[in-house]
Every structure is written in structure tokens, then in C-alpha cells.
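Please read this briefing alongside the sequence and the model, which are shown just below. The points after the lead are grouped by topic.

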Amino acid sequence: MRYSLRRVSPFSALFYGLLIGFIAWVIPGAMLGWLAGQIIGRLSAWLNALQFEIALPLGQNLPVDLISLLQLGDRQAQLTGLAARESSLILAVALAVAAGGMLLTGLIALFSALIYNLFAGIMGGVQVTLEPLDAPAIAKTTLAPAAAAKQAYNLTDQKTLPSTQFAPGTPATAQSAWLVSATNSSERWRLAGEVTRIGSAAENDIVVTGLGSRHAEIRLEDGRYIIYDLGTRQTWVNANQVATAHILKNGFRLQLGSAEFIVQILTTA
């Protein structure tokens, strides 16, 4: 499955940038905090060493207080207090560095998303290929006979009116789309309106037992039919698993759970 990545949400980029930035800078911040603690401890010890005595021949020592002479008393008290709270100092520096790195990384991610969206709008975005995670078993086996297949997934369409049934000789509209049972071409469900809801609940437009209550939606967007998987991870198009959405074209094979259909899109000149 190939998709075109045309837009990145700036707010999502900002959120993940902040998260990644915080995680990435916690350990470097802790290391910087430890280094700051070591430096402050050594400075405090060096200042304390400035108070000493000079031995004199007469038996009395001459005290020398360079801290007072250089007016470093306030600095000594501050450094001594910080050195005594080494753990708090490391934590404070780590959080400050992590907060700064988080903000920087978040802003970079935000502006990167804005710049990408600008160029993607001009150049069409980046083409990405998604590999199917779970290959549907039915795609590798021979299809069962129509009667057995109908009994297997018990297709019902409680909301399809007789007037919408596809009959031979019915003139095609400008564009009409149908889901045709892959094993019984007489079973058809018309895609009417902008949204066709598929699932096992009775309020769906196409009711298929054995699926989730709200399994998928087929939406008509800009003249194209696109199927959206609603979190079931049981939707395949041409044996490729649909992660979120996939465009549908005439002749495509659509599988929902164990039910399989052929997409039929008719257009007139």
C-alpha cells in the first residue's frame, strides 16, 4: 500500500518533541548536576583552605584570614550551603536542563512540521509504503461455493430498499458504487450517500454479522471512495491490511473480517 504523507499536525509534532526532548535530556542533565556538585564542593573546600596560620619562631602562630581580606565571606557561605545539599542541586540542574532541552526540541519539531507542510503542499508530500501486518487467510484459499460462503458469514442488508437493488438493464448514473459478494454476484449493496457505515449493529447502512458493531466506513470524498477502518484491524484491500484508510477503485477486492466483496464503481462518459 502506497500513501502520500501530505501533512503533519504541528501540535502533535510539538507534543512528541516536548516528550522526546524531556526524555533525551534527563540523563545529560543529571550528569551536569553531578558535575556542578563536584565543582561547588571543590570551590568550597578551596575557600575553606584560605584560612590558615603562619608559625612564628617565638612559639605563637599568626592567623591569616584571606576570606575576610578578600571579602569572600558571602560566597563561602553560599558555596558551603550548596555543597551540603548536593542531591537537591543535582535534581534541580537535571530538571532545568531537561526543561530547556524539552522546550528546544519541541519548538524544533513544531517548526519542522510547519516547514514540511509548506513544501508538501507544493510538491505533493513524501511517498511512503506500508507493509501489511496480518495476511488474511481467505486471500490464500480457494473461495467456497456461494451457498457455503453465505452460510459462513451470513450477510444481511437490513437497510437496502428494493428500489436500490441492482438489476440487469438498470442505466448507470454519473457514478454509482456497489459492494458485490465475491462468491455470489447476485448479492449487492449500494454505496449511497457520502458515508456508508458497515458493521454488525442494526443502525449500520450495511449490516454484516460477525463484524464489530462499527467495523468500517466508506466515504465519498472529492469523487473518490475511501474505506476507513474504525480500529478493528480486520479490513483488507487486495490482501493488504488497512491501517487507517485506503482508496477504493473499480475491481478492488475488499475483505471485512471473513466477508469478502468486490468493489464495483460504474461511471458514464
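Asparagine 238 is found in the loop between β11 (235-237) and β12 (240-241), where strands are DSSP runs of E with at least two residues, helices are runs of H or I with at least four residues, and both are numbered from the N terminus. This is a predicted model, in which local features need pLDDT of at least 70 and side-chain atom pairs count only at pLDDT 80 or more, while totals for chains, interfaces and linings use all residues. Residues are numbered from 1 along each chain as its sequence is written, and side-chain values use heavy atoms, with hydrogens and water left out.

- The phi angle of asparagine 238 is near 50°, a positive value in a residue other than glycine.
- Asparagine 238 counts as partly exposed because its relative accessibility is 35%, the class that lies between buried (under 20% relative accessible area) and exposed (over 50%), computed with a 1.4 Å probe and protein chains only.
- Alanine 239 is found in the loop between β11 and β12 as well, and it has a positive phi of about 70° although it is not a glycine.
- With a relative accessibility of 35%, alanine 239 counts as partly exposed.

**Salt bridges and their network**

- A search of the whole structure finds 5 salt bridges, each defined as a side-chain nitrogen of Lys or Arg within 4 Å of a carboxyl oxygen of Asp or Glu.
- Arginine 197 forms a salt bridge with glutamate 217, and the closest N and O atoms of this pair are 3.9 Å apart.
- This pair links distant parts of the chain, since arginine 197 lies in strand β7 (residues 195-199) and glutamate 217 in strand β9 (residues 216-221), 20 residues apart.
- Glutamate 217 is buried, with a relative accessible area of 8%, whereas arginine 197 is partly exposed at 37% relative accessibility.
- Glutamate 217 also meets the side chain of arginine 214 in a salt bridge (3.3 Å, N to O), and arginine 214 is partly exposed, with a relative accessible area of 47%.
- Glutamate 260 forms a salt bridge with arginine 253, with the closest N and O atoms 2.9 Å apart; glutamate 260 is buried at a relative accessible area of 3%, while arginine 253 is partly exposed at 33%.
- Salt bridges that share partners join Arg197, Asp205, Arg214, Glu217 and Arg219 into one network.

**Aromatic rings and a charge over a ring**

- The structure holds 2 aromatic pairs, where rings of Phe, Tyr and Trp (its six-membered ring) pair if their centres lie within 6.5 Å, and planes under 30 degrees apart count as stacked, over 60 as edge-to-face and the rest as tilted.
- Phenylalanine 15 and tyrosine 16 form an edge-to-face pair, at 5.3 Å centre to centre and with 75° between the planes.
- The rings of tryptophan 189 and phenylalanine 261 have their centres 5.7 Å apart and their planes at 90°, and therefore the pair is edge-to-face.
- Tryptophan 189 in strand β6 (residues 188-190) and phenylalanine 261 in strand β15 (residues 259-267) are 72 residues apart, so that the pair links distant parts of the chain, and both residues are buried.
- Arginine 219 lies over the face of tyrosine 228, at 3.9 Å from the ring centre, under a criterion that places NZ of Lys or CZ of Arg within 6 Å of the ring centre and within 35 degrees of the ring normal.

**Nonpolar surface patch**

- Phe15, Tyr16, Leu19, Ile20, Phe22, Ile23, Val26, Ile27, Met31, Leu91 and Leu95 form a nonpolar patch on the surface, with about 1,100 Å² of accessible area together.
- The elements that give two or more residues to this patch are α1 (10-48) and α4 (86-123), and α1 provides the largest share, 9 residues.
- Leucine 91 has its place in helix α4 and is exposed, with a relative accessible area of 53%.
- Patches are made of residues with over 30% relative accessible area and no salt bridge, with nonpolar side chains (Val, Leu, Ile, Met, Phe, Trp, Tyr) joined within 5 Å and like charges within 9 Å; the areas come from the Shrake-Rupley method with a 1.4 Å probe, and for residues only the protein chains shown count as cover.
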